Amino acid sequence: MQLHQLQYFAAVAETRHFTRAAARVHVAQPSLSQQIRALERELGAELFHRARGHITLTDAGEALLPLAQRILADAETARREVQEVAQLRRGRVRLGATPSLCASLVPDVLRDFHDRFPGVELVVHEDGSQDLVRVLAAGELDLALIITPLPGQAPALAATELLREDLVVVCAPSSDVPARRGRIRIEDLRDQPLVMFRRGYDLREFTTSACRAAGFDPVFTVEGGEMDAVLGFVRAGLGLAVIPSMVAARSGLRITPFAPPGLHRTIAVAHRKDVEPPRAARELRGVLTEHLLSASREGTLPPSTRLLGG
């Protein structure tokens, strides 16, 4: 009994037609009929009642059909499992992440993943959360690290919240900020020179919205930069910037936390609901979770960050 014979048998049983079954499995109809005859000879029983234009299962065929379907399903599962193992040797993962996460969390996670799966190609798409959601929904990414909640109507995505991270104020080491007892209020940023990210950055929206909620529009000395540029401008003494605590911890700049309730953001990992991420992407998601748990236990995350369940 050959696997392809069971495939041909199941196709005829489901279509009730030899020619349509042959088209479904991409073989010539005489070849399909010949293989089913060979299967019947091996089993010692006819599987179909063959009337012109009317094909039905015999009792033997009825008994064989669920077994054949189970065998074919198991064979397909085995094929997928082997392919997914192969993906971990020579596959590819397409990860989207915001610029601030590319400057903080992502490098260490990708290093851990590459150490474990060196044959997997890593493709990183860096953009704001809204753009990442659009690219993810279009099927051009496997996973995306985004900031939630997303304004407006988001596509059908599954998002797992990972981390709550405080935002802090940074300035040049030789500069000072209007802090009280080592903490700064949103209101204290009024009339302070700010270095601001380009439009489309989640951090720009966070900062400007918080300032306007406090009753003033922020003053920009420089705007339009990417993350590295903003840190460089702050380092040169051009102004203050509001950035995530994980980025600040690596920046070498002077850090001032906000007074309660402060500013914070939530980081989530997302994928499309209608498509299961490939094996390599699922492994990357696991490495990400392991990295955060390990960093939390070892105290290498900033004290203000908090892991979230899910």
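In the predicted model, Val 170 touches Val 234, Gly 239, Leu 240, Ala 241, Ile 243, Ala 248, Leu 253, Arg 254 and Ile 255, when residues up to four places away in sequence are not counted. Val 170 is also named, together with Val 169, Leu 189, Phe 197, Ile 243 and Phe 258, among the residues with the most contacts inside the largest nonpolar core, which has 31 residues. Two or more residues of this core are supplied by each of strand E6 (157–171), strand E7 (193–197), helix H8 (202–213), helix H9 (227–235), strand E9 (241–244) and helix H10 (245–251). Of these elements, E6 gives the most, with five residues.

Asp 191, which is found in the loop between E6 and E7, has a positive phi of about 70° although it is not a glycine. Because its relative accessibility is 63%, and exposed means over 50%, Asp 191 counts as exposed. Arg 16 likewise has a positive phi without being a glycine, in this case of about 55°, and lies in the loop that joins helix H1 (3–15) and helix H2 (18–25). The relative accessible area of Arg 16 is 35%, so this residue is classed as partly exposed, a class that covers values between the limit of 20% for buried and that of 50% for exposed.

A further backbone feature concerns a pair of prolines. The peptide bond that runs from Pro 260 to Pro 261 is cis, with an omega near 5°. Pro 261 itself is located in the loop between strand E10 (254–257) and strand E11 (264–272).

Among the polar side chains, that of Asp 108 was considered in some detail. Asp 108 belongs to helix H6, which comprises residues 105–116, and its side chain makes a polar contact with the side chain of Arg 111, at 3.3 Å. When neighbours within four places in sequence are left aside, Asp 108 is in contact with Arg 250 and His 291.

How values were computed. Residues are numbered from 1 along each chain as its sequence is written. This is a predicted model: local features need pLDDT of at least 70, side-chain atom pairs count only at pLDDT 80 or more; totals for chains, interfaces and linings use all residues. Side-chain values use heavy atoms; hydrogens and water are left out. A nonpolar core is a set of buried Ala, Val, Leu, Ile, Met, Phe, Trp, Tyr and Cys residues joined through side-chain atoms within 4.5 Å. Buried means under 20% relative accessible area, exposed over 50%, partly exposed in between (1.4 Å probe, protein chains only). Helices (H or I, at least four residues) and strands (E, at least two) are DSSP runs, numbered from the N terminus. Contact means heavy atoms within 4.5 Å. A polar contact is a pair of N or O atoms within 3.5 Å; within protein, one must be able to donate a hydrogen and the other to accept it, and residues adjacent in sequence count only if both atoms are side-chain atoms.
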